[in-house]
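Subject: Structure for you to look at

Hello,

Here is the structure I promised to pass on. My notes follow below it.

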Number of protein chains: 2
Amino acid sequence: MRFTVTYRILGNRSEARAKANDICIEQSIEFPLHLVRSRRIKDRVVGKLLSLHKCGTRAFSADIAYAEETAAGELSQFLNVLFGNSSLKPGIRVEAFSLTPRLRRIFPGPRFGVAGIRRLTGVKRRPFICAALKPMGLDARELADLAYRFARGGVDLIKDDHGLSDQVYAPFDERVARVSEAVAKANAETGLACLYAPNVTAGPDHVLDRGRIARRRGAGALVVSPGLAGFPSVLALRQDPLVGLPILSHPALIGSFTVNADSGIAHRALYGLLTRVAGADATIFPNYGGRFSFTRHDCQGIVEGCSESFGGLKPCCPAPGGGITMDRVPELCDFYGRDVIFLMGGGLAGAGDDLEENCQTFRRLVGG
Amino acid sequence: MRFTVTYRILGNRSEARAKANDICIEQSIEFPLHLVRSRRIKDRVVGKLLSLHKCGTRAFSADIAYAEETAAGELSQFLNVLFGNSSLKPGIRVEAFSLTPRLRRIFPGPRFGVAGIRRLTGVKRRPFICAALKPMGLDARELADLAYRFARGGVDLIKDDHGLSDQVYAPFDERVARVSEAVAKANAETGLACLYAPNVTAGPDHVLDRGRIARRRGAGALVVSPGLAGFPSVLALRQDPLVGLPILSHPALIGSFTVNADSGIAHRALYGLLTRVAGADATIFPNYGGRFSFTRHDCQGIVEGCSESFGGLKPCCPAPGGGITMDRVPELCDFYGRDVIFLMGGGLAGAGDDLEENCQTFRRLVGG
C-alpha cells in the first residue's frame, strides 16, 4: 500500500514536472535512479508521481505516492518521507497527505477529540473557553491562586503558558501539584469540571515522565509543543498508558513552516492534519486579526484539517488564541462554530479587575 | 545573568523598534506589560532590548537579553525563548545568540568535536571523507557488504542514509549489528579506523535506546535528525553515559527555517551555533552548487557558526553533502579547509564500477 502526499510546486509545467520527479527520489531512496540495479527498489521503494496539474500562476499540484514501508511505522520517519530533504528546497510546499490503513493503526489520531473533551468537561454544545496561566515569574502559589479564580469563573480549560516548563520561579512538580489541587477545589465548589493542562514539553528523557506526573497529580489535560520537543513526543504521550490525558498542541517554533506561502507546510496540513495524526486532541494556533499574521483563510484551512473526514481519525479541536479579547468573541463564534476552544490570556486579565467576573463574561459570550 | 539573541527585523526604524519591544514580551512573559504588577517580573523576567541598529535596506538588527532562568536549564525551553512564538511572525530572523556560563555547563556542546573525530579516526590533518549507505530497500546484508567495500576503500566515516530507520527492508538492530561487524572486519584488514554511524532518529520512547544499542553493537558514531526527533534528542544522546559516540546532525525537515531569507533562523545560527549547542560533533548540510539552493555565503556562515569561539565549546565539524562529485573535491578543499567532513553518496557510486577504487580516489583527492 502507498500513502499520498500533495505538494504545491513553483515553476512552469516542465520545471514542476522535473521537481516532482526529483521529490519522488529525494523523499525515498535519495540516490541516482540510473545507478539502482534492483527492479524491486525502482518499482516498490521509489516514490511515484500520480498526477500533476496547474493550481495557480506558475504553480502546480503534484500527488506523489510512497510505499508505506518507507515510513517504517514511525512518526519521525513518516515526517522524513513527507518533507525531510525537500524542506531544504525553495518553492515546494506540503498541502495535504493521506495515510494507509496500516499507518492509521500506528497513528490512531486523537484519543479524545472534540467529543472526548465535551465528555470530560461536561460542555454539551457551545464552544469551550480556556484561560492561560501567566506571566512567567509568578510562583506556584500565585499560579494556583490564578487557576482557582479562573475555575471559579467557569472556564472549561486552564493551560500553562507554553513558556512555563521547569523554571525556578514555579518548578514543574510543585506547580502541577498546587494548580491541580486548586482547580479540584474550585470544581468541588462549582460543580463544574474544569481541566488543568500543564505544559510537559521537554526532551526525550523527561517528556513522558512529565506526562505521567501530571496525570498522577490530578491534571486533566496536557500542553506540548511539537516544534520544541518533536512531533513524535505528541504521539508518545498519546500512546502512553500511564498518561491518558487530552493533549493540546502548541505551535512554538513551527511558525517557520507556514511563514512563507510558497515553501514549508500549509496551515491545513501542519496545524490540522499533521497535529491530528500525531494524536493531539486540540491544536493551538494564532487567530486571524490578532498580533500574528494568520489570515481568515489560513484559519479556515486549519479548521478543515482538524475536522475533515480522514480515515476514521477523530476530529481535533481548533484552539485559536493570540490576542483574543471579549469584543471579538461573537464574531469568532460565527466564524468557528461550536467545535472550538477559544484561548484568552492577556484579554481575560485586561477585561476588568475581577478575574472571576471576566471568566463569567467570557462564558456568557460563548453561550454558557 | 542574561543571554542575548540577535534578531534581524524587517521594517523602518520605528516599526523595527516596535517589533523588537514586542519580541521582548512575546519571548518571555507573553502578557500585556501594563497588566504586570510585579516590579521583579518587569525587571528580571521580561526580555530587554539592548541595541537596535540598521543592518540593511529596511532591516534592523536587535540584540535582546533574556534572563537565563527563563530557559529553565532545558534545551526545549531555550529554543522557545530563542524563537518560539516569534517564529509565527514574518520578517523576524534569528541571526545569533550567546549563552551564560551556567547555560554553557548545561549545554556543553560537542563531546568530541573536530579533534575528537580526528583522534577516533586517526586522520591527522586532512579533511574527512564519508560515504552513505543507500538506497533504501537494500537488506542488512547488502548494506553491510556496501559498508565493507567503503571501509576497505579507506573512507573515514560511513553513515546510514538519514532515511534508514527501522524499515522492514533492513531493521535497525540487524542492520547495526551486520554493518558494524563488516566495518570492524575491514578495519582489521586495513589497519584503519573507519567509523560507522547508524541513524538513531526516533521518538522519545526509542531514540536513547537506539543510541545505546548502536554503542553496544560496535557502531562508531550516530546520525540523528533534530528536525524529526527534536533538538533535545541530540542533547540527550550527547549526555547519555551509555551512548558516548560522536553525533552527526542531519538537516531533514529543518529546511523551512532557512528557506526564506527574511524569516526563520540564519544558516550560521541553525546549522552552526544551535546544532553545536545541542551537542552535535558534526553538522550535515547541503553544499553550495549542488541540487539544493544553499549559497557559498550560507555555507561560509555555517562554517563560522561551527568553529567560532563560543564560550569554550568545542568546534563542530561542518559536513557538506548533497550531490558532491569527485570533480568538485579540489575546489571544496580550498573553500572549506581541512576541518570538514565531505559526504559523498550517489557521487561515490557513480564514479565507476569499483567502489573500493572510487573511495581511494576520493581519499587521494583530500590528500589522504
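Let me start with D43(B), which is partly exposed at a relative accessible area of 34%. (Buried means under 20% relative accessible area, exposed over 50%, and partly exposed in between, with a 1.4 Å probe and protein chains only.) D43(B) forms a salt bridge with R39(B), and their closest N and O atoms are 3.4 Å apart. (A salt bridge is a side-chain nitrogen of Lys or Arg within 4 Å of a carboxyl oxygen of Asp or Glu.) R39(B) is exposed, with a relative accessible area of 55%. Both residues lie in helix α2 (residues 39–44) of chain B, four residues apart, about one turn of the helix. (Helices, H or I of at least four residues, and strands, E of at least two, are DSSP runs numbered from the N terminus.)

Before the rest, the ground rules. This is a predicted model, in which local features need pLDDT of at least 70 and side-chain atom pairs count only at pLDDT 80 or more, while totals for chains, interfaces and linings use all residues. Residues are numbered from 1 along each chain as its sequence is written, chains are lettered from A and ligands numbered from 1 in the order in which they are written, and side-chain values use heavy atoms, with hydrogens and water left out.

More salt bridges

The structure holds 44 salt bridges over all chains. In chain A, the side chains of R39(A) and D43(A) meet in one, at 3.5 Å from N to O. Both lie in helix α2 of chain A, four residues apart, about one turn of the helix. R39(A) counts as exposed at 55% relative accessibility. D43(A) counts as partly exposed at 35%.

E68(B) forms a salt bridge with R102(B), the closest N and O atoms being 3.3 Å apart. E68(B) sits in the loop between β3 (59–67) and α3 (75–83) of chain B, and R102(B) in helix α4 (residues 101–106) of chain B, so the pair ties together parts that are 34 residues apart in sequence. E68(B) counts as buried, at 6% relative accessibility. R102(B) counts as partly exposed, at 42%.

There is also a network: salt bridges link R152(A), K185(A), E189(A) and E356(A).

The two chains together

How does chain A lie on chain B?

In the interface, 77 residues of chain A are in contact with 76 residues of chain B. (Contact means heavy atoms within 4.5 Å.) Of the interface residues of chain A, 99% are also interface residues in chain B, so the copies meet through the same surface.

The area buried between chain A and chain B is about 6300 Å², and carbon and sulfur atoms give 61% of it. (Buried area is the accessible area, 1.4 Å probe, that two parts lose on being put together, summed over both.) L88(A), P204(A) and L253(A) supply 11% of the area that chain A buries against chain B, more than any other three residues.

Four salt bridges are counted between chain A and chain B. In one, the side chains of E74(A) and R210(B) meet at 2.4 Å, N to O. Helix α3(A) gives the most to the side of chain A that touches chain B, with five residues.

Helix α8 of chain B

R210(B) is among the buried residues of α8 (residues 207–217) of chain B, along with V207(B), L208(B), G211(B), I213(B) and A214(B). The buried residues of α8(B) pack against α7 (172–190), β8 (222–224) and α10 (231–239) of chain B. Just after α8(B), G218(B) takes a positive phi of about 100°.

Cysteines

The structure holds zero disulfides over all chains. (A disulfide is a pair of cysteine sulfur atoms within 2.5 Å.) For C24(A), the nearest cysteine sulfur is that of C55(A), 16 Å away. C24(A) counts as buried at 4% relative accessibility. For C317(B), the nearest cysteine sulfur is that of C316(B), 7.2 Å away. C317(B) is buried, with a relative accessible area of 0%.

Best wishes
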